[in-house]
Every structure is written in structure tokens, then in C-alpha cells.
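Biologist: Before we discuss any detail, please show me the model and its sequence.

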Amino acid sequence: MPPRTGPRSVPREALVQRLHHGRHGKLVLLTAAAGYGKTTALAQWRQRLAADGARVAWLSLGPDDDVLEGFCAALLACLHRAGIVLRQPGLAHPDSACDTPAVAAAVISALAGVPGELYLMLDEFDHVREPATVDFMQALLAARLPGLHVVAASRRECKLALGRLRAMGELAEFSCTDLAFSLPETRAFLRHRTEGRIAQGEGKGRAADADLAVRLHDATAGWPTGLGLAAALPTTTPETPASGAGWPAAYCAALHAYWSEEVTAGLPPELLTFLQRLSVLDRFNADLAAAVTGSNDAAGLLADIRARGLFLRRVATPGTAPDGVPDDWYRLHPLFAAHLRHLLVSANGDFEVLHWRAAAWLREQSGRDYLSDAIGHALKSGDFEAVRSLMESLASDLPGISQLRSFMRWVDAIDADRLAMHPSLLEAAAWSCTVSARPKKAEDWIRRWQSANADVQAQGSVPVTLMRAIIALHEDDPDRAMALLATLSDAPLGRPVLETIRSGLALRCGTMLGEHPRALPRYRALVPTARQGSTEFELMGAGAVAMAAWLEGDALEALRLGAAPLAASEQQFGRYAVGTSRCAVPVAAALYELDRADDAREVLAGRLDALRFSTPDVLIEAAVCHARLQCLADAPHDALVGLVETEVLFHRRGLPRGVARMLAEQLRLALLGKDLRHAERLQRALDELAAQYSGNSPRDQRIAATAAMTRARLALIQAAPERALAALDGLRALPAASVRESLMVTADLLQAHALDDLGRTNEATTFLTSAVAAGQRLGLVSTLADEGGRVQELLGRLARSTNADPSCFARPRSGNVPAAGRGSPAPMSPAKPLPPSDTGMGKALTRREREILALLEQSMSNKHIALVLNLSVDTVKWNLRQIFGKLGVSRRYEAILVARSAAQRMEVDTGTS
């Protein structure tokens with residue numbers, strides 16, 4: 001009997017369509033490891049075939065069906081159930097003593113009389129290993145039965161000879177790659193599984209699911225069973241790591257049980273030991289596997305692993321074999337590798353020895369990519385000399401950003417005096433702290449490097465200058481960075497990676513200083529480096545060009561320039577590599593601006609952690625884009641929490657421009673939610689910040705521009721158009737304001753709004769027309785669409801007056817953004833300490849609970865509230881549960897709404913509102 005497709009099954013429409021496309025061949029073969037949903041896919045396809053009127057016979061095989069007699073008996077039974085009764089002598093009770101050709105001939109002769117199309121679906125075909133049964137199936141496939149189509153699903157490579165079928169185009173093959181969930185299917189699966197919890201207020205909204213879906217999809221590589229086990233956990237969060245390490249204990253236990261029962265049970269001890277040792281390698285070929293595991297038959301064992309379907313897949317080759325012919329490289333499924341490492345720990349495996357062997361073998365190979373892998377293993381081997389030797393071999397180059405971050409963690413565990421004896425390690429330590437935004441530590445290592453090498457002042461002046469320029473950029477000081485770069489003039493630097501760093505730095509600084517450097521050929525030269533095989537620094541340089549385009553306000557150009565380096569970096573270094581994450585920011589921001597929110601969400605999801613220590617511009621744009629995507633997904637509270645947490649990070653790093661942008665974005669959301677009092681409080685904070693930083697530096701001017709823009713927005717909401725115009729005049733007077741065209745487009749929209757409120761319609765139309773023209777040229781769809789209902793009204797009026805298509809001015813949003821006049825939430829009043837008495841919210845709150853609720857209203861995280869009130873995080877959580885119970889709510893945002901509503905009623909009752 002075929003299995004039922006229950007309500008928990010996710011429709012695999014794309015996969016079923018591909019299966020259906022191959023239905024006219026002799027054989028459709030699905031070969032994938034355990035848990036990839038082969039049975040579910042076939043069951044869904046069977047329903048489609050049946051709906052089309054085809055006859056489908058289903059047979060789920062077991063170990064007892066391998067013998068020809070049992071197989072034929074089961075085959076006849078499944079055909080009978082499908083309404084096909086074969087009446088041929090010898091078929092009623094097939095004799096195991098009968099030779100295979102006779103049995104096959106009888107079945108073929110009987111099937112020849114069956115009219116129409118017949119699909120024979122054989123699930124768990126991996127049980128068919130007996131030669132006689134295999135020969136029988138081979139004869140069935142070779143027979144001239146145009147109406148018979150065999151569909152087989154197997155965990156391991158089948159014994160059938162498939163060469164002729166492939167050559168004739170009669171074979172459709174599907175592997176793990178085909179059966180793995182795509183990212184949209186992962187989203188649908190998680191959304192379906194968590195709908196019940198979300199409805200009860202126990203789960204996150206769609207915005208949180210976006211990050212969670214990407215992380216789970218990457219960690220499981222789309223493996224359906226792994227996703228199913230994760231979806232069953234109520235505690236899975238978007239912060240769940242994208243690797244096997246750090247998962248909730250319940251998930252790890254469920255995975256270990258599955259692997260032990262379904263995959264590794266019954267494996268030969270030699271093969272299981274081989275797999276455990278392989279698990280320390282991210283990728284490997286037969287030679288590397290032999291060197292690390294000590295096996296004399298690594299190639300044979302790898303072939304056995306492939307034949308058994310043990311979660312092994314081919315990957316890109318990192319280098320070229322000595323004979324010039326690329327060899328086969330493989331990777332274990334990440335969660336399977338994590339399970340094998342767990343077994344290796346239980347068996348007291350020596351990880352450091354295995355990593356040392358890997359580092360030694362990789363170092364002996366030729367090729368830049370081998371060396372990068374070697375450094376990673378050397379750092380884990382605990383062998384100081386191996387690390388030193390590898391770093392010295394890179395004297396003319398630098399490791400990638402990701403290797404430098406790993407090196408930094410290694411350095412933290414090594415005695416500084418020991419490092420001082422090796423200048424190459426001191427230089428690498430300085431670089432690692434520099435690219436990780438640890439300026440004080442970086443300066444300390446630079447001084448140590450200079451002290452240990454008397455020639456470093458002369459020979460090492462170039463890397464020292466570049467490191468200090470990067471530090472200046474991290475500290476939001478482009479003037480100082482550009483001054484440092486000027487000391488290098490245009491002289492060749494001798495090392496390609498240093499040339500790339502210098503060009504990228506000059507590009508970033510020039511953009512921040514308003515020089516529009518993308519027009520210069522020197523910086524355009526960064527673009528061609530965005531290709532497979534480029535270093536991480538080269539791809540980051542190409543991504544910097546896209547970021548420059550975005551910072552200038554050109555979304556179309558940012559997407560055009562950023563797509564290639566992002567794709568190349570993701571393929572070569574992985575989704576969560578530092579360089580990849582930085583390349584993703586301008587692409588995600590541009591996609592959001594072009595009203596492609598789903599694509600933007602996919603690009604940015606799961607990458608914020610890797611961006612925490614980026615340069616200010618990168619982190620600002622990532623945080624703002626992420627918050628706006630969350631608002632589109634009906635999660636404004638989550639957006640505010642993220643903005644406040646990033647604001648705290650900018651405070652901690654001493655970056656006031658970042659603080660200003662986070663405050664401005666919070667204010668924008670407050671106005672869109674009609675929370676006027678909270679917006680006024682945020683504006684006061686912005687004005688105080690602008691007064692504190694009132695100089696002429698690019699940083700100070702940008703803070704002033706940010707405060708002026710929000711002041712104009714707030715004045716328009718307060719029906720004070722004259723004050724809005726004054727704020728916009730101040731904005732336009734700032735030299736830094738003209739750098740970003742999207743900023744001026746927004747200013748034109750607000751100017752039109754203010755002028756129209758004053759009855760100066762013709763002037764308003766002029767500014768509106770200018771904004772629309774620039775928006776269309778630069779692809780600023782969201783800038784035109786996100787400014788609120790009043791601006792949308794003006795744009796619609798302009799479209800009608802010019803007989804133009806309204807979509808040319810501002811297309812409808814692809815999500816539900818809480819903008820005024822477009823389905824915005826109910827008005828909310830600001831945070832205010834709640835009275836101790838009952839205010840219609842249920843039971844009275846204690847003083848501590850009112851303090852926590854007041855801070856919660858400011859979108860603070862539990863950790864931040866704990867720091868402010870000098871409490872433990874657990875105490876904050878306990879108080880929040882008490883607050884939720886007293887207010888009769890189940891989510892933080894609902895508690896804020898109730899509190900604000902109560903405060904507003906109190907002011908109305910006392911005549912203070």
C-alpha cells in the first residue's frame with residue numbers, strides 16, 4: 001500500500017514537476033541517503049499521476065523481498081492491488097528454483113497485454129541486491145514494453161547496469177541535491193510546522209522565521225529529516241548557529257539517535273573509524289583522507305561510502321593535481337560530520353593529531369587554496385611551529401579574513417613573549433585585530449611588531465600605514481585614513497593584497513568624503529576581481545565598489561556591481577564568511593530599495609552576527625535594512641529591538657554617527673506607528689547628539705544631516721510645515737548631504753509635503769517631479785513608497801495630472817509596512833511609569849515591574865534591561881512573565897501596547913494630554 005501524504009507534508013511541487021517531466025522514460029531513479037523524503041516525493045507524484053488517469057502500482061520493499069521468489073510474489077500482489085491481474089502459467093506461485101530468464105519472460109509476456117501506461121513504483125529499492133532479482137529487473141527494463149515505466153527509490157547505488165538507458169535517454173536520475181529542500185521549501189516547512197505555536201503567541205513572526213529558515217537550511221543543507229527534528233523544538237531561535245556546534249541539547253540527542261539507528265548501525269568497524277577521522281576535514285580527496293586517517297585503502301573506503309549512500313557529496317576542487325587532472329573532492333553532510341565527531345570524542349580520538357596530519361599534507365601541496373586550508377588545521381592542531389611555519393610561508397601575502405579571525409582566537413591563547421620572537425606572527429596578530437575592529441589591541445600588536453623587528457619602520461611601513469588607515473575607518477575618521485593613505489602616494493606596494501587593500505580603503509574614504517571616487521579608473525579596476533578563484537580581500541574590494549554605489553544612492557548600480565562578488569565569495573568561502581557577509585550588505589540594501597523584499601531577506605538573513613565588527617557604514621546599512629525588512633514582515637517590535645541593540649553596540653564602540661542613524665530609524669518607525677511622544681523623545685536625543693558633535697568633519701555633518709531629516713519628518717507630523725522647511729534648508733546647506741542622492745530624494749519628497757501643506761502647490765510639484773525623476777534613475781522604489789500616506793497621496797495626484805502610470809512613481813509595497821494611511825497600527829502613546837493602582841490592565845504592577853515595563857517600551861533586550869537595573873537576566877525574565885500574566889498578554893509587543901494605552905488614558909483622565 002502506498003503511504004499517505006499527511007497534513008504535515010510540504011508539497012514538493014517543483015520536484016514533482018521534474019519527476020513528471022521524466023515520466024516517459026523506462027526508469028526514474030531516486031538515489032539519496034536516509035531522510036531525504038524519497039517516499040514522500042514518490043507518494044505526491046503518485047497522486048498527480050492518478051489524477052491524470054494513469055495506473056500506478058506501488059511496492060514498498062523489505063529485506064525479505066530480495067530473493068526472486070519473494071520479490072515476484074510481492075510484485076504480483078502490488079499489481080493486483082492496482083487492478084492488473086497477470087494470467088500466465090507459472091506466475092501464480094513463482095518457484096525459487098525457476099531460472100531468472102523464465103520468470104522474467106513470463107512477467108514480460110503478461111505485462112505486454114496490459115493496455116495504457118503503467119507506473120511501477122518500487123520504494124526502498126536498495127534491498128534488491130540478490131543477483132537473480134537484479135537480473136530480473138534488468139530484463140524487465142530491457143523488454144520492449146513502451147507502456148511500462150519503473151520508478152525506484154534507493155538509499156544506495158543500485159546494482160542495475162544503467163549505461164544503455166542513459167545513452168538512450170530513457171533514464172531520469174535524482175540525487176540528494178535534487179531531493180534536498182530549497183530555501184523556499186524550508187521556509188514553507190518551518191512556517192507550516194510552527195503555525196500552531198505562533199497562533200498561541202509562543203513563536204516568532206515571519207521576520208524572525210526568515211533568519212531562522214536560512215540558518216537551519218544552511219546547517220541541514222536542506223536535509224528534510226534534519227529540518228523536521230529542528231522544527232519540533234520550541235526553543236529554536238534565529239540565533240541558532242549555522243553549524244552542528246551549539247545546537248540545543250534536545251536536537252543533538254534526536255540527531256544522534258537518528259544517525260545511530262538509521263545510518264551507522266551495522267557499519268563495519270573499519271569503515272566507521274574511517275568516517276570518524278574524516279569528520280575533522282571540511283573537504284577531502286582520497287590522498288588527504290589516507291594521510292589523516294592512516295588508511296591504506298582510502299580510495300576503496302570512499303567508494304564504499306558512496307555506494308552505501310552515507311551522506312557524501314562531491315565539492316569544488318581546491319587545487320590541481322600534480323598531473324594537471326583535477327581529482328575528486330568530497331564533503332560529509334555537516335550534521336553527519338558533527339555526529340561522527342561526537343563519536344570520535346566518545347572513542348577518545350586525538351583531534352590535534354588529525355588536524356596536524358591534515359595541515360602537514362595540505363602544506364606539501366601546491367596552490368593558494370591548499371595553504372588557506374592548512375592554516376585552519378594548523379591552528380586547531382596546537383602545534384606552534386606548524387602555525388609559525390605556515391604564516392612565514394605567507395610572507396608575500398595575507399591569509400583571508402576568515403583565517404585571520406581564527407588566528408586571532410589562537411593568538412589570545414598564546415603567551416605574548418613567545419610570539420614576540422617571531423615577527424611574522426606579530427604581523428599576523430596585528431592584522432587579525434585590525435580587520436576584527438579591535439583597534440586598541442591592533443595598536444598594541446603593531447608596537448610589538450615594530451619592537452621585535454628593527455627594520456619594520458622602513459620595510460614594514462606600508463602594512464603599518466594600511467592597518468592604521470583601517471583602524472581610522474573603523475573609528476569613523478575618513479580624514480585621518482585618507483591622510484595616512486596619502487603618505488603612500490601611488491608607489492607600487494609590492495604585494496598584491498596590499499594593493500587591493502589600499503584601493504578599497506581609498507574608495508571607502510573617498511565616498512565618505514564626498515569625492516564620488518567610483519568614476520575613477522583606479523577604483524573601477526577592483527570590479528574584475530569578482531570571480532571564482534579570487535582571494536577574500538579581492539572579493540571584498542569588489543564589494544566595496546558596490547557599497548560605494550549604494551552609499552551614493554544608486555540602487556541599480558549597487559546591485560549590478562555587487563551581485564558577482566557576492567556569488568563568488570559565497571561559493572568559495574561560504575555564506576557566513578566575513579567577506580561574504582560584507583559583500584551581501586549593498587546587495588541586500590539595493591534589493592530592498594528595488595522592492596524585492598524576499599530576495600533582500602534571503603541575502604541578509606543570518607549574517608548580522610558576522611557584521612558586528614565591520615566598518616560603521618557596513619553595520620549601519622545592514623541594521624537599517626534588516627529593521628525595514630522586519631517591519632515589512634509585520635514584526636515592528638523585533639525591528640525596534642534590533643535597532644536599540646545596535647545603538648548600544650555603537651555607543652560601546654564610541655561611534656556617534658551610528659548612534660544617530662539607529663535613533664533616526666527608530667524615530668521613523670515611531671512616526672509610521674503614530675507614536676508621537678516616543679518620536680519626540682528620540683528627536684531630543686538626536687538634537688543633543690548633533691549639538692555635542694557640531695564640527696565640520698564628515699562624521700559631524702552626517703549626524704547633523706540625520707537630525708535635520710528627522711526634525712523635518714517630525715514637524716510635518718506635528719502640522720508645522722514652516723519648521724519642516726527650515727530643517728530641510730539646514731540639511732541642504734551641509735556639504736556632506738549632497739553625497740548621497742537618495743538622501744536628497746527624500747528631502748525633495750518632504751519639501752513637497754511641506755510646501756503643499758502651505759498651499760504652494762506649484763513649488764511642491766517641482767520638488768515632487770525632481771524626486772520622482774531621480775528615484776526612477778537610481779531605482780529608489782522604496783524611498784518613494786516608504787515615506788507615508790501623505791507623500792503617496794501627492795505622488796498619486798502627480799500621476800493623475802501627467803496622465804502617467806502611478807506605478808512609475810511609487811509601486812505598491814510587496815509587504816505590509818506600517819505606514820500612515822496604509823494599514824498602520826493603532827496609535828501608541830509613549831512610555832511612562834505606570835501607576836501602582838489598577839488601571840484597567842488587570843492586576844496592579846509592582847514598582848520593579850513598572851520599571852522593567854518602562855525599559856521594555858524602549859525596545860531594550862532582556863540583557864540591556866538587566867544592565868540598566870543591575871539585575872540578572874533570569875530575574876528580568878521572571879518579572880516579564882509576571883507582567884505578561886497581569887496584563888493578560890503573551891508577547892513583549894502586546895505588553896508595550898497595553899502599557900502605552902494605559903498611560904494615554906491616565907493623561908486624558910487627568911487633563912494632561
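**Salt bridges and helix packing**

Biologist: Is Arg-12 buried or exposed, and what is its relative accessible area?

Modeller: This is a predicted model, in which local features need pLDDT of at least 70 and side-chain atom pairs count only at pLDDT 80 or more, while totals for chains, interfaces and linings use all residues. Residues are numbered from 1 along each chain as its sequence is written, and side-chain values use heavy atoms, without hydrogens and water. Burial is judged with a 1.4 Å probe on protein chains only (buried under 20% relative accessible area, exposed over 50%, partly exposed in between). Arg-12 is therefore buried, its relative accessible area being 4%.

Biologist: How many residues apart in sequence are the parts that Glu-185 and Arg-12 tie together?

Modeller: The side chains of Glu-185 and Arg-12 form a salt bridge, 2.8 Å from N to O, where the term requires a side-chain nitrogen of Lys or Arg within 4 Å of a carboxyl oxygen of Asp or Glu. Glu-185 lies in helix H8 (residues 183–199) and Arg-12 in the segment before helix H1 (13–21), so the parts they tie together are separated in sequence by 173 residues.

Biologist: Which helix holds Arg-661, the salt-bridge partner of Glu-621?

Modeller: Helices (H or I, at least four residues) and strands (E, at least two) are DSSP runs, numbered from the N terminus. Glu-621 is buried at 5% relative accessibility, and its side chain meets that of Arg-661 in a salt bridge of 3.4 Å, N to O. The two are 40 residues apart and link distant parts of the chain, with Glu-621 in helix H32 (residues 616–632) and Arg-661 in helix H34 (residues 656–672).

Biologist: What is the relative accessible area of Asp-748?

Modeller: Asp-748 forms a salt bridge with Arg-732, the closest N and O atoms being 2.9 Å apart. Arg-732 lies in helix H37 (residues 721–732) and Asp-748 in helix H38 (residues 741–757), so the pair joins parts 16 residues apart in sequence. Arg-732 is partly exposed at 30%, whereas Asp-748 is buried, with a relative accessible area of 9%.

Biologist: How many salt bridges does a search of the whole structure find?

Modeller: Beyond the pairs above, Asp-756, Asp-757, Arg-790, Glu-793 and Arg-797 are linked in a network of salt bridges. For the whole structure, the search gives a count of 38.

Biologist: How many nonpolar residues are in the contact of H12 with H15?

Modeller: Helix H12 (residues 269–278) and helix H15 (residues 334–346) pack with their axes 8 Å apart, at an angle of about 110°, and are therefore roughly perpendicular. Leu-272, Leu-275 and Gln-276 in H12 meet Phe-336, Leu-340, Leu-343 and Leu-344 in H15, a contact being heavy atoms within 4.5 Å. Of these residues none is charged and 1 is polar, while the nonpolar ones number 6.

Biologist: What is the relative accessible area of Ser-279?

Modeller: Ser-279 is placed in the loop between H12 and helix H13 (286–293). Leaving aside residues up to four places away in sequence, Ser-279 touches Leu-332, Ala-337, Leu-340 and Arg-341. Ser-279 is buried, and its relative accessible area is 1%.

Biologist: What distance separates the C-alpha atoms of Leu-212 and Gly-606?

Modeller: Leu-212, in helix H9 (residues 206–220), is buried at 10% relative accessibility. Although Leu-212 and Gly-606 are 394 residues apart along the chain, their C-alpha atoms are separated by 7.4 Å.

Conventions
Axes are lines fitted to C-alpha atoms, for helices over the stretch in contact, and angles run from 0 to 180 degrees between N-to-C directions. Angles under 35 degrees count as roughly parallel, over 145 as roughly antiparallel, 65 to 115 as roughly perpendicular and the rest as oblique. Ala, Val, Leu, Ile, Met, Phe, Trp, Tyr, Cys and Pro count as nonpolar, Asp, Glu, Lys and Arg as charged, and the others, Gly among them, as polar.
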